[in-house]
Amino acid sequence: MVEKKQAPEGETKKDHGVLYLGIDLGTSRTSVSSSNGMRETVSSYVGYPKDVVARKLLQKDVLFGDEALEKRLSLDFYRPLAHGVIRDDKDAERNLKAAADLLGEIIRRSKPRKDELVYAVIGAPAQAQIKNKEAILKAARQHVDSVMLCSEPFSVAYGLDMLDDTLVIDIGAGTTDLCRMHGTMPEESDQLTNTFAGDHVDETLSKLIRAKFPEAQFTVQMIKQIKEKHSNVADNMPPVVVNFPVKGKPTPFDITSEVRSACRSIVPPMVEALGELIGSFDPEFQDRLKNRVLLGGGGSMIKGLDVELERQMHEMLGGGKVMRVEEPIYGGANGALKIAHDMPAEYWEHLR
Amino acid sequence: MSSFSSAQFRGSQKDLFTPAQIQHLMRVEFDRAQRYRYGLVLLVVGIDRLEQLQDLYGSELRDQVHGALVGLLKSATRASDALGCLLDDRILVLVPHTPPEGAAVMAKRVLDGMRALTFDCDGRSTRVTVSIGGAHNARKGDFAFDTLLEVGTAGLKVARDGGGNRYVHSELYEFFEKKRARERADQEAAAPAAVRAPMPIAGAPAAAAIGDGVPHILGEKIRDMFGLSENDSALLAKIEQEVVTSALREMKLELEKVLVESKSEHQRQIETLERRITKLSDSLGMTEAELQRALTQKTVDPGVASIYKTVQGLSSNDVQVQLKKALMSKIFEANVELRKKIDTGPQSTS
């Protein structure tokens, strides 16, 4: 159940305006754009000291982002979101708390005043289930006065005023969301979500490296860092030579083709989903849709992805044009903030 | 334009014109295009990962690729009116009487052509791609050739950052014009101080000595070169002036080159931030007005953040205002519906 937050007695009266927030709650990163000009992003990691000793050493009750990652050996470590939604596994309660704390942290970083209301629009995966949405709302309500959810790819398109005949692909860590924009609110049939996203690239890359260099020792975090630095799908990409320890000794490995193959692994499912959304659209407008494919999210930073996508669209769909958003990290949050600004005040009041 | 055809793709010292002179010709052509209002496009073409290729396969491959690219550019453009030159690792191509759409077609032809070529390196065949940044003068208002060059170069950078093998048509004219205006203002502000207190250089002769000696030496050299007599003082003065102007231009170009080279990753970040500032400048003006209004109504404090809703929120002048209102309504309804489902129903359905 979502409960309205009651202002306890003695709490500062919130009568000095509203702070609007656009939040992109992502599996890998959580970003916020706020109406006071603050923009922040934090890796979606939360950690709580394992015991009293760790608490005394760290001097904090909870750690976030890269700091949590760095100190993870002393922490009960959570990555509360998987596939774009709050994890609902055996640690569901703890994940929910971690997600709520993460939202609290990102809101704190947007520096709200004590005497102003906080209204937030949060981007959720296009096909998130009600249970997932409830969990996000529950987590958010602990920190904001009014909150709305909207589809992540829709918020990216809204932020760029691309509301007509546009196909948005939002490549996150957990999911790739596709959304067909045709001058009206996208319905369920206009949206597709698959899990061939950043995490899938990490997994594939780990498998490929393990198969080719079984002696190399590495962790998922190391793979993630390599991907973020070297991801590329071009035929003539620069060589990727990295050091992995082998029995404690740093040893160089050339993993160029593995990086390329792993990055390319998300393209065919993406083109397939594009084909599905384009093929079920009004035939007269299919060409326009094909020629306005908008690539957003952290995954859109893979070098050469737009060209590779165009190439595969040419092979499978007979052509297409792909554009990238200017700010992949903040595209979703900026769009959500724009929605928050454009939303009439009475709607916000109604949902308080 | 036919008079420029001999100046195509000249770069080395053996050629008739230096890159600086070809750039001068480009400036002349650009000024002419602005005066007579005809379309003109500048393409800045760069070979992807050239340094790495050179490291791997040596400078022979570099020359081979440059040669092939120049050949390709010649065949992809109209020989009568394309003007190009080598500048560092980039090739500039100025194409008059061409709209931006035409340039895109031309760029695609070059990209396709380059992709199709293979180069032989130590018995292995290698493919090389290029990136192209484009700029045009179809925009309203006056601006300088240097702005065109900067816009094209910015396009090339975006193309390279995106993985290369692509054409990027940049529209950052306003951004670079403002930046240039700022730089000019800074230089002007700094100039008087520099004149008042010239920086001493260790081991250099005094300024007065240079001022006295240079015209004398220059005059002698010119007299020797052109075989002038003592009576040709007017001609000598004219040539001297041209030489000094040309030397100053060369120095300016060199200085610009050094400045460009000294820019690092920090500069890229600064430019990104400046772009954002440019985008937000209109909003800031409105915000100031709104803050002024708020100041006059001291009893009502809607909060600074709320003012941004007024400034950046949905305006009645927005061309899509009706559509956006409808979308907001739908989002709101969907959220109300979601709340109802959460409050009332079991949580098993999607």
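Biologist: How many salt bridges does the rule find across the interface of chain B and chain A?

Modeller: Two. This is a predicted model, in which local features need pLDDT of at least 70 and side-chain atom pairs count only at pLDDT 80 or more, while totals for chains, interfaces and linings use all residues. Side-chain values use heavy atoms, without hydrogens and water; residues are numbered from 1 along each chain as its sequence is written, with chains lettered from A and ligands numbered from 1 in written order.

Biologist: What makes the meeting of Asp306(A) and Arg166(B) a salt bridge?

Modeller: The N to O distance is 2.4 Å. A side-chain nitrogen of Lys or Arg must lie within 4 Å of a carboxyl oxygen of Asp or Glu, so the pair qualifies.

Biologist: What is the area buried between chain B and chain A?

Modeller: About 4200 Å², of which carbon and sulfur atoms give 58%. Buried area is the accessible area (1.4 Å probe) that two parts lose on being put together, summed over both. In contacts (heavy atoms within 4.5 Å), 42 residues of chain B meet 51 residues of chain A.

Biologist: Why is Met251(B) called exposed?

Modeller: Its relative accessibility is 55%. Exposed means over 50%, buried under 20% and partly exposed in between (1.4 Å probe, protein chains only), so Met251(B) counts as exposed.

Biologist: Which residues touch the most other members of the largest nonpolar core?

Modeller: Among them are Ile169(A), Ile209(A) and Phe244(A), in a core of 42 residues. Members are buried Ala, Val, Leu, Ile, Met, Phe, Trp, Tyr and Cys residues joined through side-chain atoms within 4.5 Å.
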